[in-house]
Amino acid sequence: MIETRNVTVRFGGLTAVNDVSIKLLPNKINSLIGPNGAGKTTFFNAISGVIEPDEGEIIFKGEHIEKKKGYQICAAGISRTYQIINLFWQMSVIENVMVGMTTKLKSNFWQSLFSTKFEKNEEKEAYEKAMEYLRFVGLEDYAHARSSSLSYGNQRLLEIVRAMASGAELLLLDEPAAGMNSTEKRELDVLLERILDRGITILLVEHDMKLVMNVSDYIFVMYHGALLAEGVPEEIQANPEVIEAYLGGDE
Amino acid sequence: MNSIKNKNIPKYLIYTVLILALPFLIQMISGTTYLVMILCISLLYMIAVTGLDLLFGYSGQISMGHAAFFTIGAYTTGLLNHYFDMPLWLTIPIGCILPTIIGTILAIPASKLKFHFLSLATIAFGEITYYFLYTSPGGFTFDFKGIGAKPISFLGQNYIKWYFFLLVITIIVFVFKTYLVNSKVGRNFIAIRENTHAADGMGINVRKYKVIAFTVSAFLTGLAGSIYVHFIQYISPESAQQKQSVLFLTMLLFGGTTSIPGTIIGVLFIEFLLELIRPLQEYQMLIYGIMLLVVVVALPGGIYGGFKDLAAKIRGRKKAGTDKTDGKANAG
Amino acid sequence: MFQVLLINGLILGGVYALIALGYSLIYKASGLLNFAQGDFITFGAFMGYFFYDTLKLPFVVAMLLTFLVAFVLGMFLEKFVIRILLSKGVIAIYIVLATIAVSFIIQNAMQMLFGTTTLRFPPVFSKGTWKILGINAQSEAWFCLFVSLLLMVVLHFFVTKTKFGTAMRGAAMDAKAAESCGINTSLTTGVTWGISAAIAGLGGILIGPMYGVFTTIGANLGRKGFGGAVIGGYGNMYGAMIGGMLLGLVETFVAGYWMGTYKNMIAYIVLLLFLFVKPTGITNEKAIKDV
């Protein structure tokens with residue numbers, strides 16, 4: 001459903017992503033791992049439209065998206081979370097989710113201005129749908145709390161469900177387990193499987209190896225911007241180059 | 001549920017009566033209609049500041065040149081009135097169109113700018129407008145002399161009639177503003193203000209929405225200006241200068257952004273304060289400056305924000321475990 | 001005609017350069033815009049008048065005192081307004097508004113102390129005009145040009161060759177790293193604001209003899225001076241010098257050959273053009289905060 005071909009991203013003299021070609025397994029948990037500075041987040045940014053690759057193509061559901069902007073890629077069906085939590089802090093929890101749904105809301109400016117029946121209905125339905133999403137992650141009791149008041153773990157959950165709210169078929173999760181305790185990580189494991197049940201494909205960047213090995217169906221390893229290896233968890237764990245990269249490189 | 005409604009009805013009744021009786025009370029107490037005129041100007045400024053609120057309070061774009069839109073609206077209406085003797089039901093709508101168009105044109109490149117560069121761009125825009133009006137090609141704006149305009153015939157100089165006329169318009173503006181900010185559009189504005197990056201990631205076309213915010217904002221401020229010129233029957237280039245723009249901003253911040261009561265309080269307070277210090281003309285700038293400093297230092301949420309916090313604290317003691325905003329409510 | 005324009009452009013450019021320098025130095029050090037910069041010029045003009053005309057001190061002494069007093073005012077502003085606001089966690093745009101407030105206060109304070117009529121700054125030199133390289137211009141204007149150029153050179157050496165200057169640059173680049181090297185960043189920031197105010201103040205006393213002394217003399221120059229900082233790349237010290245000089249030249253030449261009546265608009269048009277087309281300026285200076 002999504003593949004990248006020879007994607008390269010350069011920042012001045014530095015090649016952050018070097019000729020990376022991968023093909024994700026649909027409706028599975030794909031993980032992207034690699035030592036710090038391997039280019040994982042840059043690669044994410046290239047897919048989600050934050051930056052445009054200098055070379056290469058990204059094809060999602062048959063369409064070339066490498067030149068598209070962030071909001072267009074969201075509309076196309078790819079959503080993401082961020083390494084540093086990027087919630088809309090002054091908004092309530094449910095409003096955050098409703099923003100996530102914005103690509104599905106069809107009211108235009110004039111309908112909003114005049115609060116037409118269509119717009120009022122759409123907002124009501126959006127609110128209910130957003131509550132459903134909150135129930136999916138168990139945050140429904142916090143619907144009207146300011147998102148900044150949530151616990152760290154809940155904030156991460158909110159970010160995930162906000163990304164889902166756009167109806168995304170591909171979810172890019174950038175270190176979703178960062179800062180979570182072991183209980184939260186186990187719950188995340190379960191959540192990710194439940195997300196798969198909805199037909200969504202996941203691409204995960206993570207540093208917690210235990211989580212990665214437990215959860216992933218397929219793993220891609222990046223090192224110094226290039227794709228070092230790919231395979232199922234058992235293969236990756238046994239791969240000598242991967243082991244070398246982690247022991248030799250920085251963590 | 002019913003008990004809450006019953007509690008509110010007398011409150012709203014009082015407000016309504018107060019609002020309707022206000023000009024008469026002021027006239028009675030002060031003996032002249034001068035303060036009623038100030039009240040009317042306040043209503044117009046509320047419309048202008050509402051425009052600024054949409055731009056800054058909601059979509060987070062700073063404009064330090066907004067008075068230019070006010071002045072352009074005033075000049076367009078005034079000049080149409082002057083040169084073509086157009087009737088007022090035409091001049092005012094057309095008077096709103098020009099600032100709106102200019103606002104859109106300005107917004108398109110401006111939407112790329114980060115906040116401090118945006119502030120410089122808006123200042124430059126304001127000053128260019130001022131100098132253009134001051135030395136217009138062929139003097140068609142009558143340059144430094146400013147222009148006069150005819151009053152609206154059925155209102156003339158009757159400030160009390162003007163008050164109710166403006167009250168209706170202001171209320172209409174407030175209603176539509178409320179619709180807009182409670183909709184997807186308003187939500188997206190706030191998302192852009194809170195986190196432009198994430199807004200983009202969530203599918204919001206940030207530039208488009210920034211331009212929309214700017215356009216609506218320019219329209220409202222221009223509307224205020226084009227009615228103003230028929231009220232005061234005069235406008236001069238000075239109204240486009242930075243001083244006036246900063247005044248609008250001060251009113252907005254003093255009362256508190258993203259809140260209609262805040263806008264009302266902010267405008268009324270500052271406007272009447274300025275009237276109070278009118279005899280102290282020479283200290284005017286000093287007082288402006290101190291006011292602004294006070295707002296920035298002591299009241300980043302504006303007066304209304306301050307009251308809300310205070311009220312919430314008081315309410316918080318009555319109801320335990322409120323799930324409303326502000327709390328640091330945590331869960332496992 | 002060309003030569004007259006050239007000299008006037010350079011003289012004006014020198015003043016713009018001092019203003020722009022102030023903007024860029026402060027932006028680099030604090031990440032803020034300082035809308036009171038122009039009013040430091042006004043302050044300097046009035047102080048200069050006070051020292052030179054009222055106290056009848058020799059001009060050089062008046063210049064020095066003006067420089068020092070403005071320096072102190074700048075440090076004071078940083079320590080007691082900016083620093084406090086920053087520590088309260090007030091967001092940057094509000095702090096910028098606070099500098100606007102300060103600008104109003106300075107303007108009014110000068111007005112209250114000195115009145116509203118334009119004061120005539122007594123001549124500094126016995127000869128009214130000087131002829132240099134075949135071009136005639138007001139002697140004080142030439143002097144203004146020389147001093148501003150000299151100031152830029154001195155500033156360059158201060159910032160690159162002295163220990164404190166280097167500390168300032170370090171603190172501006174990375175405050176935390178500088179602290180861990182033992183640099184007192186609050187001092188360097190205060191000094192940065194002090195220097196910005198001082199060079200503007202000096203600019204004020206230099207232009208006093210050229211334009212007279214009145215309360216809005218600096219505000220307009222200050223606003224236009226933003227163009228100089230943006231042209232040169234906002235935050236870049238050398239860019240500010242070049243940008244300021246360029247702005248002065250462009251404004252003078254465009255007004256001289258083409259848009260005389262719109263002279264005042266030119267600087268703003270240039271500012272807008274650069275903001276829209278090349279906000280990083282000729283030195284490609286990246287903005288500090290990626291908001």
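Before we start on who touches whom: two residues are in contact if their C-beta atoms, placed from the backbone, lie within 7 Å. With that rule, Leu271(C) touches Leu120(B), Ala124(B), Phe226(C), Gly227(C) and Val230(C), leaving aside residues up to four places away in sequence. Keep in mind that this whole thing is a predicted model.

- For the complex as a whole, the predictor gives an ipTM of 0.90 and a pTM of 0.88.
- Chain A has an average pLDDT of 90, and 98% of its residues score at least 70.
- Chain C averages 86, with 98% of its residues scoring at least 70.
- Within chain A, the element with the highest mean pLDDT is helix H3 (residues 93-100), at 95.
- At the other end, helix H10 (residues 240-248) of chain A has the lowest mean among that chain's elements, 75.

**Who touches whom?**

- Two pairs of chains touch, and the pair with the most contacts is A and B.
- Chains A and C do not touch, and their nearest C-alpha atoms are 13 Å apart.
- Where A meets B, 30 residues of chain B are in contact with 36 residues of chain A.
- On chain B's side of that meeting, helix H6 (159-181), helix H7 (184-194) and helix H8 (196-201) of chain B each supply at least two residues.
- Over where B meets C, 32 residues of chain B are in contact with 35 residues of chain C.
- For this one, the elements of chain B giving two or more residues are helix H5 (115-134), helix H10 (242-255) and helix H12 (284-298).
- H5(B) gives the most to the side that touches chain C, with 13 residues.

- The largest nonpolar core holds 277 residues.
- Chain B splits into domain 1 (1-31) and domain 2 (44-277 + 284-318).
- Taken over C-alpha atoms, the centres of chain B's two domains are 27 Å apart.

**A sheet in chain A**

- Look for an open sheet of six strands in chain A, in the order E6-E7-E8-E3-E9-E10, with mixed pairing.
- Its edges are strand E6 (78-80) and strand E10 (226-231) of chain A, each pairing on one side only.
- On average, neighbouring strands of the sheet are turned by 20° against each other, direction ignored.
- Strand E3 (residues 29-33) and strand E8 (residues 201-205) of chain A run parallel, joined by four bridges.
- In one of these pairings, Asn30(A) has Leu203(A) in E8(A) as its bridge partner.
- Helix H7 (residues 182-197) of chain A packs on the sheet, touching E3, strand E7 (170-174) and E8 of chain A.
- The direction of this helix makes about 150° with that of E8(A).

- Thr216(C) sits in the loop between helix H8 (185-211) and helix H9 (217-231) of chain C.
- Why does Thr216(C) count as partly exposed? Because it has 14 C-beta neighbours inside 10 Å, while a buried residue needs 20 or more and an exposed one has 12 or fewer.
- Thr216(C) and Lys88(C) are 128 residues apart along the chain, and their C-alpha atoms are separated by 32 Å.

Terms used. Residues are numbered from 1 along each chain as its sequence is written. Chains are lettered from A and ligands numbered from 1 in the order in which they are written. This is a predicted model: local features need pLDDT of at least 70, side-chain atom pairs count only at pLDDT 80 or more; totals for chains, interfaces and linings use all residues. pLDDT is the predictor's confidence in each residue, from 0 to 100. A nonpolar core is a set of buried Ala, Val, Leu, Ile, Met, Phe, Trp, Tyr and Cys residues joined through C-beta atoms within 7 Å. Domain bounds come from an automatic or database domain assignment. Two strands pair if DSSP finds at least two bridges between them. Axes are lines fitted to C-alpha atoms, for helices over the stretch in contact, and angles run from 0 to 180 degrees between N-to-C directions.
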